[in-house]
Amino acid sequence: MSAGANRVDDAADAGHVAPTTGRTQVAVGNRQAWRVVVGFGVVSLAADMVYEGARSIYGPLLASLGASAVLVGLITGAGEAAALLLRLVSGPMADRTRRYWTLTIVGYGLTAVCVPLLAVTPILGGAGLAVAAVLILAERLGKAIRSPAKSALLADAASRVGMGRGLGVHKALDQIGAFAGPLLVAAVVAVTAGALWPGLAALTVPAVVAMLLLTTLRARARSSPAERDTSTRSEAAAKTGREPLPRRFHWFAAAMAVCTAGLVTFGLIGFHLVRAGVVATAAVPLMYATAMAAGALAALVTGVLYDRAGAWVLLALPAMIAVVPPLAFGGDLPAAVFGVVVWGAAVGLQDSTVKAMVADLVPRERRATAYGIFAAVQGTGALAGGAAAGLLYDRSVPSLIVAVVLAQAVALLMLIGVLARTRQHRRDPA
């Protein structure tokens, strides 16, 4: 990207361009890009504290309101499906309307409002369960609305500082929130002798912080990467919007869906560790926190490697996923801990460096659309893989291990093909 494509500084934004060299312009533009990346990272940290903290007690909360196990599964499952599949709508909407910031703020706003309101459901009597279900689904709707738009804004800023490194830093901050939120809720619940509503009410604080940070980031950005120069980009965007996404993007999405299908859920891992007597129930949240820390570190490391060595670093993902079941279900505590660490690292790579590859595969004006499609394809893989893993686990752990290894071998071959085609395309764009 040329130096002239970047905003120079605050004076330039106000219409007073200071005399700077091209190198200085690039340096200032990079600083502004890092402010956006880190700003979104801190917003995600606070927001993750909110919804990850709440999700850690959705089961007990719904049960206390009278929900059966089937209803708990239906509500939470429908929420996750909505968060993924509705991005097929919100992604193209963001690219078509160019209202990336508006959709991002609305999406975060739904989370900031709906989660703390769950604290009042225990006092609503018979209506509490219905209200809780609506609030949970609305919070997941907020996730669907904001994710493609935010990812497009974030990728645009990260492209100026290193796509892998930028998304890696964002994901690391995001994971800190995913780590801290459940711990905050657990601490408040423990202090209040097991009452759930105070833990949910406490999430009002990070919710308010997230919205204040987001509005401040928007105000400081003023001319956001995805929205500036709309007059010069509108014609190109309209032309690009009529073209199909590259075939290699669809193949990459399919390969990642196979990877995701093989990544057993932490719920199944935790279920096994407790049932097999490897760890006590109270230790499972600590295992999950360890996985989140591993994910943050993996996002940073693989992001830097992606920028320096290229997309071939993604070949590590199928191998990482393949070794999780033998370690996590092996029956030995040290192996299980290592398996959980690898699981967390794989999740961190998926949510950062993989998204960097998506951004690099598609036109800038179609990134929100691509992220929406990619999430839906991954969600389909996760749903199919989760169901298959549960069935195979009940039959025999060795059969689950074999199935995951075979699936990742297929994913590896698909990924190699995508990377080879991408390299060829860069050599010969025609």
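Predicted model: local features only at pLDDT ≥ 70, side-chain atom pairs only at ≥ 80, totals over all residues.
Residues are numbered from 1 along each chain as its sequence is written, and side-chain values use heavy atoms, with hydrogens and water left out.

## Overall composition

The chain contains 19 helices and zero strands; helices (H or I, at least four residues) and strands (E, at least two) are DSSP runs numbered from the N terminus. Of the 430 residues in the chain, 51% are buried, where buried means under 20% relative accessible area, exposed over 50% and partly exposed in between, with a 1.4 Å probe and protein chains only. Contact means heavy atoms within 4.5 Å. Among contacts between residues at least 6 apart in sequence, 83% join residues at least 24 apart.

Helix H7 covers residues 128-158. Its 31 residues should span 45 Å at 1.5 Å a residue, and the end C-alpha atoms are 43 Å apart, which agrees; the expected span is 1.5 Å times one less than the number of residues. H7 has a kink of about 35 degrees at Arg146, shortly before the proline Pro148. The bend at a residue is the angle between axes fitted to the seven residues ending there and the seven starting there. H7 is mostly covered, with 26 of its 31 residues buried.

Ile145 is found in H7 and counts as buried at 18% relative accessibility. Leaving aside neighbours within four places in sequence, Ile145 is in contact with Ser90, Leu103, Gly107 and Leu110.

The loop between H6 and H7 contains Pro122, which counts as partly exposed at 41% relative accessibility. Residues up to four places away in sequence not being counted, Pro122 touches Leu65 and Trp197.

Val72 lies in helix H4 (residues 69-85) and is buried, with a relative accessible area of 17%.

| Residue pair | Separation in sequence | C-alpha to C-alpha distance |
|---|---|---|
| Ile145 and Thr102 | 43 residues | 9.9 Å |
| Pro122 and Ala132 | ten residues | 9.1 Å |
| Val72 and Ala133 | 61 residues | 9.1 Å |

## Packing of H5 against H18

Two packed helices are described by the angle between their axes and the distance between the axes. The axes of helix H5 (residues 87-97) and helix H18 (residues 367-395) come within 7 Å and cross at roughly 175 degrees. Axes are lines fitted to C-alpha atoms, for helices over the stretch in contact, and angles run from 0 to 180 degrees between N-to-C directions. H5 and H18 are therefore roughly antiparallel to each other; angles under 35 degrees count as roughly parallel, over 145 as roughly antiparallel, 65 to 115 as roughly perpendicular and the rest as oblique.

On the H5 side, Arg87, Leu88, Gly91, Pro92, Ala94 and Asp95 take part, and they meet Arg367, Ala368, Thr369, Gly372, Ile373, Ala375 and Ala376 in H18. By class, this contact comprises seven nonpolar, three polar and three charged residues. Ala, Val, Leu, Ile, Met, Phe, Trp, Tyr, Cys and Pro count as nonpolar, Asp, Glu, Lys and Arg as charged, and the others, Gly among them, as polar.

## Other helices and a buried glutamate

Helix H15 (residues 316-328) has 13 residues that should span 18 Å at 1.5 Å a residue, and its end C-alpha atoms are 18 Å apart, in agreement. The buried residues of H15 are Leu317, Pro318, Met320, Ile321, Ala322, Val324, Pro325, Leu327 and Ala328. In helix H13 (residues 266-275), Phe266, Leu268, Ile269, Gly270, His272 and Leu273 are buried.

Glu52 lies in helix H2 (residues 22-55) and counts as buried at 15% relative accessibility. Apart from residues up to four places away in sequence, Glu52 touches Ala178, Pro182 and Tyr288.

## Positive phi values

H13 is followed by Gly277, whose phi is positive, near 75 degrees. Arg98 is not a glycine, yet it has a positive phi of about 65 degrees. Arg98 sits in the loop between H5 and helix H6 (100-117) and is buried, with a relative accessible area of 17%. Ala193, also not a glycine, has a positive phi of about 60 degrees. Ala193 is placed in the loop between helix H8 (163-191) and helix H9 (197-202), and at 75% relative accessibility Ala193 counts as exposed.
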